[in-house]
Amino acid sequence: MEEVTIAQRFCGPPKSGNGGYSCGLLGKHIQGTCQVRLHQPPPLDKALSISESAGDWFLKDGEQLIGSAKPVELAMVPPVPPTLKQARSAQKHYRGHQRHSFPTCFVCGPARSQGDGLRLFCGAVYEREIVACEWQLHGDLLDHSGNIKSQFIWAALDCPSYFALKTDKTCLLGQMTCAIDKPISGNKPLIVYAWQRSTEGRKHYSAAAISNCDGKILARAEHLWIEIKSSAE
């Protein structure tokens, strides 16, 4: 059994962990593609346990199940990535600058300063059904080999997929399936892009990918987002 704490820095909503980052803490224990389900919002600044049983992994707060992970396959082939120029231009259309449910989110929060949050501001790409942005790395996200630590790859693939949804309702990540196809070096700009797959009532399905500037896909993910009911519902 391993003990882990999600620091306040890695929040999504102000009082719980960013969904992608939290999923990545479990996902890094499984070699290859895996699927993580979040059963409860991951608490911050609290000792949590990570354990394994029959190949599945579990994140718990005492006896309460927070997340579960299992190995799966991900056959999804992403659309052709935008160019770096297109991704940079798309950032101007990031709707989170006008309205954001969680402006201090580690991944997509505009209230986070450079070098603290990831500041991934994905906006619509002209004449394409995708959103995209540039990702420029900082040193504390890298391992000893200069590659991005896997939990931050999961995090970067998380929030952009929400901004690909055709809804302005607040949603929380319920499930994420991620494949890191190649080690991702942090010494060059990257492109993060996402697209909507489908919607079923309060359930929204999307996907995202990370590519390098040569158009090579480095990581892929699929997501289930759950729309939060308003107090009037």
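1. The residue A54 sits in the loop that runs between β3 (47–53) and β4 (56–61), where helices (H or I, at least four residues) and strands (E, at least two) are DSSP runs numbered from the N terminus. Although A54 is not a glycine, its phi is positive, at about 55 degrees. A54 is exposed, with a relative accessible area of 81%; here buried means under 20% relative accessible area, exposed over 50% and partly exposed in between, with a 1.4 Å probe and protein chains only.

2. On provenance, this is a predicted model, in which local features need pLDDT of at least 70 and side-chain atom pairs count only at pLDDT 80 or more, while totals for chains, interfaces and linings use all residues. Residues are numbered from 1 along each chain as its sequence is written, and side-chain values use heavy atoms, with hydrogens and water left out.

3. A positive phi, near 55 degrees, is also found at R119, again a residue other than glycine. R119 lies in the loop between α2 (84–90) and β6 (123–124), and with a relative accessibility of 26% it counts as partly exposed.

4. Helix α3 deserves attention, since twelve of its 13 residues are buried, so that the helix is largely enclosed by the rest of the structure. Among the buried residues of α3 are Q151, W154, D158 and Y162. For Q151 the relative accessible area is 10%, and, leaving aside neighbours within four places in sequence, Q151 is in contact (heavy atoms within 4.5 Å) with G20, Y21, G24, L25 and K28.

5. L118 touches F106, V107, W135, L141, F152, A155 and A156, when residues up to four places away in sequence are not counted.

6. Which cysteine sulfur is nearest to that of C105? With a disulfide taken as a pair of cysteine sulfur atoms within 2.5 Å, the count comes to zero, and for C105 the nearest cysteine sulfur is that of C159, 3.7 Å away. The sulfur of C108 likewise has its closest cysteine sulfur in C159, at 3.6 Å, which is too far for a bond. C105 is buried, with a relative accessible area of 4%, and C108 counts as buried at 4% relative accessibility.

7. The largest pocket has a volume of about 570 Å³, the volume being the space filled by probe spheres set on grid points that are joined across faces, edges and corners. A pocket is an open set of points on a 1 Å grid over the protein atoms alone, where a 1.4 Å probe fits, with protein on both sides within 12 Å along at least five of seven lines, and lining residues have an atom within 4 Å of a point. The lining of the largest pocket comprises 33 residues, and F102, C171, L172, L173 and W225 lie nearest its centre. At least two lining residues come from each of α3 (150–162), β8 (171–180) and β11 (217–227), and β8 gives the largest share, four residues.
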